[in-house]
Structure formats: structure tokens, C-alpha cells
Amino acid sequence: DPAGAGVLVCGTSGSGKSTLTTALLECLADVGYQILIVDPEGDYTNLAFAHVLGNANQAPRPEDVTEALKDPKRSVVVNLLGVPLADRPVFFAQLLPRVLEQKARTGRPHWLAVDEAHHLLPTGPDAANRATQLPDRGVLYITVHVSAMEPRALEHVRTLLAIGGHPAETVGEFCRAAGEKEPVCPPVAGDKLPTGD
């Protein structure tokens, strides 16, 4: 749904968050939705359906991103490896208003995927202000540290996909960060989900 409520993919490091997210993004692209993927670590540069801007040697330019999004059949990966680590939240803050202005005019991109969301939207007044600008629909966050994310960015998350070891802890961490009541999670042997669950 291009107006789908927010989704958060969260779990331990190396648990397969990028693999799961890639599958979700491919499904969205297959039915014609345009996606903008903000990719701080170069995890999504091999997506067949998306045009990649930026690389390890060259930072993407916000104006190139909005230009690329003008093609409704083109999804875009914004590779931030060429942006110094400390400057990535600033780059995201500069990119976001341009993307939102285009979304307000055209309805696209249908989905905004933000990888390493705890780094691009960390807790604090700057990110809180940025979070209020985010659309309440069509946003997908990927993080290993949901408790380090700005709580206001989590307000519109309606689907949590917990992956990897310690799923009860992941769900609890999200609930505490989002100010939600923690559910009673059934015990899992070894606190690990069986393969395929």
C-alpha cells in the first residue's frame, strides 16, 4: 500500500535485516511503487530495480536525488559511503525537505526506507524536529538500536518485524522507545526463533 503505515525492521547485528528488507523492497517495486532508500553503509547498491547515486568515493547530491525521482518508474538508492560518518545525519536533514516537497507535489516516492535509522535519526532536538517532518505513511526504518532512535520518528510505526536472537528483548526495546505497553511474549527455547519463524 503506498499509504501503508510505518514499518520497522529491528534485530541483532548480522541477523538478516538487510536480506529481509531487500525482499520487502523487491515486493513493493514489483507492484510498481517507487522507493527511495537512504543507505548509509552500501547494503542496497545491488538492487536490480533501483538507480544508485553516490559511492565510496563520491557523495550523492540532494539535487541529483530529486531529479532521479522525477522518473516514476525509477526507485533510487542514496549511497552515503562517500559522506563522512559524522556528516550523514546532516546530509539526511538536507535531503529530507527536498524529498518531502516532491512527495507533496507528486505522491512519490511511495515509500521512504531509512537504513541505520538510529544514526540518521538519533535521539535529540535536531532529530525530533526532523521526525515531525516525516510522512505518517510509507516509511520503513531499519535499525539494530531502536532505543537510540528519536521516539517521535517511531510514532507512526504500526508494524514491527523483529529478527534474530532475543526477539522478546527487541520487542521490549521498541515498546519502551515508542512509549507503548510491552506485550507478554511467549518463551522461546534459547531465546532464539526457530529457523523460518
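A residue is called buried when its relative accessible area is under 20%, exposed when that area is over 50%, and partly exposed in between, as computed with a 1.4 Å probe on protein chains only. With a relative accessibility of 0%, Val9 therefore counts as buried. The structure is a predicted model, in which local features need pLDDT of at least 70 and side-chain atom pairs count only at pLDDT 80 or more, while totals for chains, interfaces and linings use all residues. Residues are numbered from 1 along each chain as its sequence is written, and side-chain values use heavy atoms, with hydrogens and water left out.

Helices (H or I, at least four residues) and strands (E, at least two) are DSSP runs numbered from the N terminus. Val9 belongs to strand E1, residues 6-11. Although Val9 and Tyr141 are 132 residues apart along the chain, their C-alpha atoms are separated by 6.2 Å. Contact here means heavy atoms within 4.5 Å. When neighbours within four places in sequence are left aside, the contacts of Val9 include Lys17, Leu20, Leu140, Tyr141 and Leu161.

Strand E4 may be considered next. Five of the five residues of E4 (residues 75-79) are buried, so this strand is largely enclosed by the rest of the structure. Ser75, Val77 and Asn79 point one way from E4, Val76 and Val78 point the other way, and all are buried. Two strands are said to pair if DSSP finds at least two bridges between them. E4 pairs with strand E2 (residues 35-39) in the parallel sense over four bridges, and Val76 in E4 is the bridge partner of Leu36. Strand E3 (residues 50-53) also runs parallel to E4, joined to it by four bridges, with Val52 opposite Val77 of E4. From E3 the chain crosses through helix H2 (residues 62-68) to E4, in a right-handed β-α-β crossover. The term right-handed applies if, with the strands pointing away from the viewer, the path from the first strand over the helix to the second runs clockwise.

A nonpolar core is a set of buried Ala, Val, Leu, Ile, Met, Phe, Trp, Tyr and Cys residues joined through side-chain atoms within 4.5 Å. The largest such core has 36 residues, and among those with the most contacts inside it are Leu8, Leu36, Val78, Tyr141 and Leu154. Helix H3 (residues 88-106) gives the most to this core, contributing six residues. Leu154, not counting residues up to four places away in sequence, touches Leu8, Val146, Met149, Phe174, Ala177 and Ala178. A second, separate core of 15 residues includes Val7, Leu28, Leu47 and Ala50.

Helix H3 itself has 19 residues and reaches 26 Å from its first C-alpha to its last, close to the 27 Å expected at 1.5 Å a residue; the expected span is 1.5 Å times one less than the number of residues. H3 bends by about 25° at Leu95, and a proline, Pro97, follows within four residues. This bend is the angle between axes fitted to the seven residues ending at a given residue and the seven starting there. The buried residues of H3 include Phe91, Phe92, Leu95, Leu96, Val99 and Leu100, together with Arg88, Gln102 and Lys103. The elements against which the buried residues of H3 pack include E2, H2, E4, strand E5 (111-114) and helix H5 (125-133).

The chain beyond H3 holds several backbone features. Most residues other than glycine have a negative phi, and most peptide bonds are trans. Gly107, which follows H3, has a positive phi near 85°. The peptide bond from Arg108 to Pro109 is cis, with omega near 0°, and Pro109 lies in the loop between H3 and E5. Glu116, a residue other than glycine, has a positive phi near 50°. Glu116 is found in the loop between E5 and H4 and counts as buried because its relative accessibility is 18%.

Two helix residues complete the account. Glu173, in helix H6 (residues 167-178), is buried, with a relative accessible area of 19%. Apart from neighbours within four places in sequence, Glu173 is in contact with His145, Val146 and Ser147. Ala23 lies in helix H1 (residues 17-30) and, at 35% relative accessibility, counts as partly exposed.
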